[in-house]
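Let's walk through this structure together, one region at a time. Have the sequence and the 3D view open as you read.

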Amino acid sequence: MNNYFKSSFVILSALIFFSCSKSGKSEETIKTNYESNKDSNLIAVASPPFSEFIFPCSRCHKNIEPNHKRRELVWAHDNIKLEHDEKNRWCLDCHDANNRDKLHLADGRLLDFTESYKLCGQCHGPTLRNWLAGEHGKRTGSWKGQKQYLLCVNCHNPHSPRFKPLEPLPRPMKPSELRDTNGIRL
Amino acid sequence: MKKNTDLTRREFIKGAAGIAGATVLASCGLSGDALEAFLQKHFKELSNDEKAEILKRIEDECKAKYGKEVAVVGTPAEEGVLFAYALDISRCIGCRRCVYGCCEENNQSRDPQIHWITVLEMDKSEGVNLEKANSYYEVDKVPQPDKFYFPVACQQCENPPCVKVCPVKATWKEPDGIVVVDYNWCIGCRCCITACPYGARHFNWAEPKIPTDELNPSMHYLGNRPRMKGCVEKCTFCIQRTRGEEKKYPKCVEVCPVGARKFGNLLDPSSEIRYILANKRVFIFKEELNTRPKFFYYYGL
């Protein structure tokens, strides 16, 4: 009896260990609710908004040793001003240090830039839920049939996501300013 | 005593009225297409052949006036569709992109100016208070920190007061919920403008002017075909887009830079509009008037 318990304990721990090591595998793609409910009518239209000549990142980074130290960037990417929980976050919290052309989730799994919404959804869960339902963000295309999505980062700069104020278009004319073709007040 | 004459009183009056009418029309210079347009039947009474003929006539008129090929359609409502709209007032920043996008899509007169969408600027401290609202705000940047913005267009009421008051039935609610106007049937009495509690109907006080290069050539009879002086017009949920083959979203939804505008089929449980009604704090503008709008305002944040 005792032996029976022992052996089942060993098998159980082996199973747990195996499943943990498997889920920690970095190349595995994740299945979110979005993918399991994925409607073939939904497509992402816009590609990630990379700056010119910036992608693939590995073009420059393949010869650079990753530096994990949190620091101010001076000789590259110095145009990026991080205004996104900058006290607690830094480049390598989202960008992967070893595979420069990928992002990574908090648990280390790698993501393509085209799936960046999964990364955003780690902190902004309710927003991701609303986005998947079509409430947050903008859908274009067809109200019936193929709907087109924008990625989070197409509207929100991931390094500084708050919307910047815009210049409004001109105010409408007041009734007193309306004239007919002969210049006579209407 | 009753005399037996060849011409009854009724027949005489009929004949006289006919001759008088013809004289008036001739003296107005109405002939050919204009005369046909004047004598055309109500849109809902037209047979398919008559419709095709009228759409062709309007295409020709537009080509003659603007020197541009246009396509005018009369696509009917689709079964199982009831359009609805939702606008997130916690996101709208009052940039007026929708106002001008609508204007270009729907061939509104540029001079004198007609806008189907009015964006109201309101004080956050006041809430939705029309007495303190301002549609003529001029600022460098929007949103202003102490303001919120409240765009108003036709609410596509299920119980539309404008339709009730029209003395000639030139405006009606379509099966997909869009309230439309037959511009040719409208007599320009403006009763509907007075009846609408949302200020959503607009009158062509003068002959509308649209630059040829800005004319949108994809037109619907009940929507964005060029209007004439003396008729009333309003938002039609971009009927030429939403009923078109591609079932596009209205233009204002597409141009909104903050994604505050949502559109869909109220009868489709998976539409974003149903998600909003089920999950968000939704309110109806001037609910107490029992107009039952299919335009919902909500707070997404």
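Is K169(B) buried or exposed? K169(B) is exposed, having 11 other C-beta atoms within 10 Å. Here a residue is buried if 20 or more other C-beta atoms lie within 10 Å of its own, exposed if 12 or fewer, and partly exposed in between, with C-beta atoms placed from the backbone. K169(B) is not a glycine, yet its phi is positive, about 60 degrees. You will find K169(B) in the loop between α5 (161-165) and β5 (171-173) of chain B.

A word on what you are looking at: this is a predicted model, in which local features need pLDDT of at least 70 and side-chain atom pairs count only at pLDDT 80 or more, while totals for chains, interfaces and linings use all residues. Residues are numbered from 1 along each chain as its sequence is written, and chains are lettered from A and ligands numbered from 1 in the order in which they are written.

Now step back to chain B as a whole. Chain B holds 9 helices and 12 strands; helices (H or I, at least four residues) and strands (E, at least two) are DSSP runs, numbered from the N terminus. Of its 301 residues, 41% count as buried.

With 19 residues, α3(B) reaches 27 Å from its first C-alpha to its last, close to the 27 Å expected at 1.5 Å a residue (1.5 Å times one less than the number of residues). I54(B), I58(B) and C62(B) are buried in this helix. They lie on the same side of α3(B) because they cover an arc of only 80 degrees around the axis, taken from the directions from the helix axis to the C-beta atoms. On the other side, D49(B), A52(B), K56(B) and A64(B) are exposed. The cover over the buried residues includes β1 (71-73) of chain B. After α3(B) comes G67(B), with a positive phi near 65 degrees.

Where do the two chains meet? The contact takes 41 residues from chain B and 27 residues from chain A, two residues being in contact if their C-beta atoms, placed from the backbone, lie within 7 Å. On the chain B side, β10(B) gives the largest share, 4 residues.

Finally, look at two cis peptide bonds. One joins V142(B) and P143(B), with omega about -5 degrees, and P143(B) lies in the loop between β3 (118-123) and β4 (147-152) of chain B. Another joins F55(A) and P56(A), with omega about -5 degrees.
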